[in-house]
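Reader: Could you take me through this model, and tell me what stands behind each label you use?

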Amino acid sequence: MPSPSVPPLSRPTRCPPPTSRTPTTTPTCRNSPGSSPTCGGWPKLADGAPERLTAALAPLVDGYRAWIARREAAVDDPASHLGPYRLDAADALGKARDAADRISAGISRLATDPVARAAFGFANRAMHLQRVHTKAAAGRHNAADRLLDDVLSEVDVPANRSWRPFQLAFILLCLPALADPDHPERSDDRRSAVADLLWFPTGGGKTKVYLGLTAFTLAVCRLAPASGGLDPTAGVAVLMRYTLRLLTIQQFQRATALICACETLRQAGPSRWGATPFRIGLWVGGRVTPNRTDGAEVWLSERRRGTGLRAGGGGSSHQLTS
């Protein structure tokens, strides 16, 4: 019996890949603490009294709530075409109001909690130090004969020592839970525990936020009393995880600059910040750095003898080039 003829498979029409044009995001806004060095500048926030801090930071949450109100009113505007998406808009606005409440709680915590206020001041001073010295080091890279103080005076300008609005808002949002180990947002209860994600395009300033929160956390640990028989100044306070090797090394260099700034502040005030130095470590696997101390010692001895790296690799102990 002859087999039925099967029509040849038709080649699908090749379609162009989906594309979308994303508008540029500008991380500034008018009349907010982050956009004005007089309000969001690190030196001013570092030494602010409770009432001055509240006055400087309150416009940030007030402006955010006013923006939420305008978005809420726009939902019913026919020109917005949001009618079919009212439930989604209501959900997004509800989360925005929750975020505004958390930012407000951060401001209140600074006004009422001396430990949080001292840690916030420490973080702002550390951010100021690391930023201007990093800029100065870069400026002297090709002009090593220039005096450091001269370059520092050039780069220590308002643009290099202030928060952007979203940076300051995210720090205030996370601040209460970082200052209080018993805060509900750190609970084991999934209904109240919070893991915050900061999303912003590349180059927008996310790393500054993480570094600021790191400095705040380190300072809180140094000021906190012993809990459960544990010394809060010991152990690992912050973990930073990156998935790309090149990004890991670059971020490690920036984090190390912050730790140097924190250590400078600790040495200037050991009675407050403790006798234990601030330290930083890096673990990226044996192909990048030696996994053990004796492996690092072998690598260094062979490097000094000029024999180069060990056969089969083993990683370099030198991850900071400047």
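Reader: In what order do the elements of the protein run from the N terminus on?

Author: They run α-α-α-α-α-α-α-α-α-α-α, and the secondary structure comes to 11 helices and 0 strands. Please keep in mind that this is a predicted model.

Reader: Why are H3 and H4 called roughly antiparallel to each other?

Author: Happy to show you. Helix H3 (residues 50-75) and helix H4 (residues 86-112) pack at an angle of about 175°. Angles over 145 degrees count as roughly antiparallel, and H3 and H4 are therefore given that label. The axes of H3 and H4 are 9 Å apart. As for the residues of their contact, 17 are nonpolar, 2 polar and 6 charged.

Reader: What makes a space a cavity and not a pocket?

Author: In a cavity a 1.4 Å probe fits but cannot get out, whereas a pocket is an open set of points. By this rule the count comes to 1 cavity of 30 Å³ or more. The volume of the largest cavity is about 40 Å³.

Reader: Which residues line the largest cavity?

Author: Its lining is made of Phe120, Ala123, Asn124, Trp163, Ile171, Gly212, Leu213 and Phe216. Helix H5 (114-139) and H8 each supply at least two residues of that lining.

Reader: Which helix gives the most to the lining of the largest pocket?

Author: That is H8, with 7 residues. Helix H7 (165-179), helix H8 (206-223) and helix H9 (245-268) each supply at least two residues of this lining.

Reader: What percentage of the residues of the protein count as buried?

Author: Of the 322 residues, 34% do, the cut-off being under 20% relative accessible area. As for contacts between residues at least 6 apart in sequence, 70% join residues at least 24 apart.

How values were computed
Residues are numbered from 1 along each chain as its sequence is written. This is a predicted model: local features need pLDDT of at least 70, side-chain atom pairs count only at pLDDT 80 or more; totals for chains, interfaces and linings use all residues. Side-chain values use heavy atoms; hydrogens and water are left out. Helices (H or I, at least four residues) and strands (E, at least two) are DSSP runs, numbered from the N terminus. Axes are lines fitted to C-alpha atoms, for helices over the stretch in contact, and angles run from 0 to 180 degrees between N-to-C directions. Angles under 35 degrees count as roughly parallel, over 145 as roughly antiparallel, 65 to 115 as roughly perpendicular and the rest as oblique. Ala, Val, Leu, Ile, Met, Phe, Trp, Tyr, Cys and Pro count as nonpolar, Asp, Glu, Lys and Arg as charged, and the others, Gly among them, as polar. On a 1 Å grid over the protein atoms alone, a cavity is a set of points where a 1.4 Å probe fits but cannot get out, and a pocket is an open set with protein on both sides within 12 Å along at least five of seven lines; lining residues have an atom within 4 Å of a point. Grid points are joined across faces, edges and corners, and a volume is the space filled by probe spheres set on the points. Buried means under 20% relative accessible area, exposed over 50%, partly exposed in between (1.4 Å probe, protein chains only). Contact means heavy atoms within 4.5 Å.
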